[in-house]
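Keep the model open and follow each contact in turn.

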Amino acid sequence: MSEHPLRPITEASSAEGRALAEALRTLFEQLNLSVRRFATRCHRDAGSVSRYLNGSRVPPWSFVTELLTELAKQQVHTVKPEVLDHLRRLHRAALRVSNTGLYEVQTLQDQLEAADTASRHAALREQALMEALQTRQHRIAQLETKQIELEAQQARQAGDHATALTELTAGAEAAAEELQRLRQEVASLRGDLAEAQEQRRAAEDRCAALESRLDSAEEAVSSGGEVRHQEELEKYRQEAVEARSLVDELQRELAEIRERAVAAKPGNETAVPGPRPNGRYLEEERNLAEAGAEALVQQLVASEAGGDERRMRSITNTIGRNCTVGTIVDVLADMHAMGFDESADRVVSATVAYRSNATICQLMSRLEQDGRTSGKRDNDMLLMSAALVLPGDRLIGLLQELRTLQRSEWADFIIEMAASHRDPRPMVELLSAADPADEERILTEMGHSRAINRIAPVLALAKNAGMHAMAQELFDMVKEARPESIAMLVESLVLAGISLDG
């Protein structure tokens, strides 16, 4: 008999809590360990472990992963991905019922982890594309040299060897054809590289937004008296800081890659073209757009299950660029229902990037009217993506359309997100495009909520752009709203060589 036998599942727990407890007990019994021995191995209290297994308390997700790790160590069986997904769904359902605050924190942590993974994948893809680009450019240089040699040899021997002349001509033509093909591949790779860079920027923006929401959720949980969970919340905060550090590292690596790409380019080419649909996929995109929501969801799920990142991006871009609003709504609802929230977010981001403001407003209205629980989440993601990535003049146009539709609360949310998280240069661009009323709203929100270390770059860029009055107004708002932080801001401005009154 075990030293700490399992208690029966308590009848007082919720249905979701009992379902989770039954699943955990099934796994635990395969270890053939007492509760006390398992608790010792995991450095946990045996009483807490017992309560986790009888359903009287919802365990942290780390307890579930420790249990699965112990099963793997004892080689009881390999945990399949579908088992892990099933446990995650049970855990989130139980947590949602028992503690709304911690459920929100866990949900945000899941989204932050997914955004961090997307950021890492984007960095790897950038590196692979740059290597492929440099390889082909090196080959182009070799072929150009070879072509020059063949043409010179052809000129020297033209009068003496008719047969050799024919062979040399064929060789020169073959080299020219390969040169042209490689140049086309280089152009295609540049387009793919730009898409990878855009994906990295989107991952960075998503990390920033999730960090802000995670902070808000932590404050809500703390104010509710959940003191016993402070250690877990601190762990979530540290992981958010690590995700931001990873994005900063990706920015530095991207700058180095761009320098190497400029040095390797032939001639005087200096710019990487922006993202655009590759001509090879135009017909495929048209066919996909006409396939219907069910077929599109099946292909998205298959691509994600197979780890085909390129195919998944192609499908999401096709949906966002070409599908009707009704089809997009159905795709989003089906993806959420199947648990593929990250893929749904990609479709939302692609729609914002490729469609007009009128279409975005129409999609948001349809999502609100659809009645499915994912509609609010998708609308928040639409507004967040617009706030972070749309050009300044287009974002101002979207604000005006939303107010015309009497959706001022959506316009206010965009201003709040842009003021807090939009990058400095796009922020200055947005302020230069705004009318006086919107400029005042944005500056007020920035003065109250934007991080101090992200205000100094905006002030510097605004001064350099000749927007002195706007920069002074923002400085005065920070001084009034957060006097305790003004010394830090002044120090940053002094280091940057920027002077403002006051």
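Helix 4 (residues 61–73) packs against helix 5 (residues 81–98) at an angle of about 155°, and their axes lie 11 Å apart. Axes are lines fitted to C-alpha atoms, for helices over the stretch in contact, and angles run from 0 to 180 degrees between N-to-C directions. Helices are DSSP runs (H or I, at least four residues), numbered from the N terminus. This is a predicted model, where local features need pLDDT of at least 70, side-chain atom pairs count only at pLDDT 80 or more, and totals for chains, interfaces and linings use all residues. Residues are numbered from 1 along each chain as its sequence is written, and side-chain values use heavy atoms, with hydrogens and water left out.

Helix 4 and helix 5 are therefore roughly antiparallel (over 145 degrees). Their crossing is right-handed, meaning that the near helix is turned clockwise from the far one by less than a right angle. On helix 4, Trp61, Val64 and Leu68 take part. They meet Leu84, Leu87, Arg88, His91 and Arg92 of helix 5. Contact here means heavy atoms within 4.5 Å. By class, this contact has five nonpolar, one polar and two charged residues. Nonpolar covers Ala, Val, Leu, Ile, Met, Phe, Trp, Tyr, Cys and Pro; charged covers Asp, Glu, Lys and Arg; the others, Gly among them, are polar.

Now turn to helix 18 (residues 424–433) and helix 20 (residues 452–464). Their packing angle is about 55°, with axes 9 Å apart. Helix 18 and helix 20 are therefore oblique, the class left after under 35 (roughly parallel), over 145 (roughly antiparallel) and 65 to 115 degrees (roughly perpendicular). Helix 18 passes helix 20 in a right-handed crossing. Helix 18 contributes Pro424, Arg425, Met427 and Val428 to the contact, and helix 20 contributes Pro457, Val458, Leu461 and Ala462. By class, that makes seven nonpolar, no polar and one charged residues.

Key:
Helix = DSSP H or I, 4+ residues; strand = E, 2+ residues; numbered from the N terminus.
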